[in-house]
Amino acid sequence: MIIFLGLIICMTQVIVKNKAGLIKNHSQLLKNNYEHSFYEAVNYMNDVDNLLTKVQLTKLPKQNINMFAQIWRSSSAAHDNLSNLPYNHNSIMKALKYLSQTSDFSYAMMNKSIDDEDLSAEEWETLNNLKTYAQNLSKEMDTILTDANVSEKINWDALAQENFDKSNLVGSMQNVNKQFQDYGELIYDGPFSDHIQNLNPKMLVGKTEVSKLDALEKAKKILLRTQNEIKNIEYSGQVTSRKNLPAYSFTAKNNDDEEIYLEITKNGAYPLLMITAPTEKISENKINSQEAITTAKKFLADNDFINMKESYYERFENYLTINFAPFENNLIMYPDLVKVKVNLANGKISGFESLGYIMMHCERQPNEPNLPYQLLDELLPIGFEKLSTKRCVIPLDSKKETFCYEVIGQFNENKFIIYINNDSGKFEKIYKLIENERGTLAE
């Protein structure tokens with residue numbers, strides 16, 4: 001018995017010692033990772049500072065391409081490494097925003113230079129401003145690095161143990177934040193531009209604000225069209241996370257006891273989002289893909305989404321998700337995307353999302369292409385077999401739009417979609433078309 005107890009004590013000591021060793025090793029790994037991330041962030045930030053100085057000396061578009069490509073990579077890498085640290089991000093949020101915008105702005109300017117376009121006076125002024133902040137940020141981060149290496153003010157062990165106060169890093173990072181107190185809006189053609197974040201939904205222009213009760217009635221009508229029977233529906237609050245697009249949210253249950261979440265826009269009372277949580281997996285389908293597309297089209301028409309044309313769709317288990325876009329004036333309007341999810345087992349609409357449509361849908365006047373249809377073949381690569389061509393509007397990263405030819409064709413046993421600008425002939429986007437038993441997708 002004494003021997004047995006002695007074995008238990010020894011085993012317990014070994015377990016405790018091993019656990020302590022594992023904790024110590026984990027802590028050491030975290031410490032090394034945090035140190036490495038910060039050192040890398042400092043190095044990349046110094047590169048950004050130097051490159052923004054050099055690019056001011058290159059005035060020709062062809063000279064700018066390589067410089068902007070390097071700034072794009074270095075600022076993105078600085079952001080990624082800096083955001084790996086487990087400090088309070090609010091203390092340097094503007095610095096991280098600055099790095100995102102610098103990377104994105106450089107990418108936009110690189111593409112402009114590739115097109116052999118000169119930067120405007122405003123864009124050069126933006127570069128000068130970015131350079132000023134890069135110099136300040138680089139200097140502050142170098143100071144923190146000196147504190148870590150020479151003065152040993154930064155306690156990486158404390159940081160690895162999530163003791164932020166004792167690490168002294170948070171206080172040092174707050175000094176970085178001071179450099180960005182007057183950092184204003186940055187306007188350019190890119191997804192992180194401040195004007196993109198402040199876009200107003202085009203579909204809701206002039207639409208009146210509805211009450212919670214009116215939105216509830218609209219939600220009931222939509223659910224009855226999709227579920228046939230609703231047991232109960234309740235108001236669950238306002239959605240304010242999407243800037244300039246407030247909505248009312250509702251929860252409900254259908255006759256299969258499935259939970260349903262629904263959002264209705266506060267202006268105009270348009271259905272914005274619906275998600276159904278299935279109660280159980282059903283293996284047998286009652287409708288096929290084409291019947292599901294017909295069901296989805298009817299649902300859209302019943303809810304004032306008119307002239308919608310299906311494009312790509314994907315099947316997963318018992319569900320088919322279909323992408324729809326308006327087809328007007330012989331143009332497909334891809335920015336105005338609506339997604340509808342249909343349950344193949346019971347034929348019901350189980351989900352939809354209309355954010356693209358609400359944000360971008362408006363009346364558009366088709367332009368007269370500068371590039372004649374007959375000249376498209378001259379732009380396509382040798383060996384590309386053209387299967388179909390239609391005109392469309394596509395969204396750019398800047399949230400602007402452009403008129404294109406959508407060319408679908410075969411190349412080296414694969415199908416591709418090429419979007420060619422109908423004025424300049426530029427290849428705006430290229431996608432590989434994937435067609436299999438799950439559906440038709442573009443990637």
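One cavity of 30 Å³ or more is counted in this predicted model, a cavity being a set of points on a 1 Å grid over the protein atoms alone where a 1.4 Å probe fits but cannot get out. The largest cavity has a volume of about 50 Å³, volume being the space filled by probe spheres set on the points, which are joined across faces, edges and corners. As the model is predicted, local features need pLDDT of at least 70 and side-chain atom pairs count only at pLDDT 80 or more, whereas totals for chains, interfaces and linings use all residues. Residues are numbered from 1 along each chain as its sequence is written, and side-chain values use heavy atoms, with hydrogens and water left out.

**Cavity lining**
- Ten residues line the largest cavity, and Glu-258, Thr-276, Asn-343, Asn-346 and Ser-350 lie nearest its centre; lining residues have an atom within 4 Å of a point.
- By class, this lining has three nonpolar, five polar and two charged residues.

**Aromatic pairs**
- The whole structure holds nine aromatic pairs, defined by ring centres of Phe, Tyr and Trp (its six-membered ring) within 6.5 Å.
- Trp-72 and Tyr-107 form a tilted pair, with 4.7 Å centre to centre and 55° between the planes; planes under 30 degrees apart count as stacked, over 60 as edge-to-face and the rest as tilted.
- Trp-72 belongs to helix α2 (residues 61–82) and Tyr-107 to helix α3 (residues 93–114), so the pair ties together parts that are 35 residues apart in sequence.
- Helices (H or I, at least four residues) and strands (E, at least two) are DSSP runs, numbered from the N terminus.

**Salt bridges**
- Eleven salt bridges are found in the whole structure, each a side-chain nitrogen of Lys or Arg within 4 Å of a carboxyl oxygen of Asp or Glu.
- In the salt bridge between Lys-220 and Glu-217, the closest N and O atoms are 3.6 Å apart.
- Lys-220 and Glu-217 are three residues apart in helix α9 (residues 212–227), and are thus separated by about one helical turn.

**Positive phi values**
- Asp-116, which is not a glycine, has a positive phi of about 60° and is found in the loop between α3 and α4 (121–149).
- Ala-269, also a residue other than glycine, has a positive phi near 55° and is placed in the loop between β3 (259–265) and β4 (271–277).

Note on methods: 1 Å grid on protein atoms, 1.4 Å probe; cavity = no way out; pocket = protein on both sides within 12 Å on 5 of 7 lines; lining within 4 Å. Nonpolar A, V, L, I, M, F, W, Y, C, P; charged D, E, K, R; others polar.
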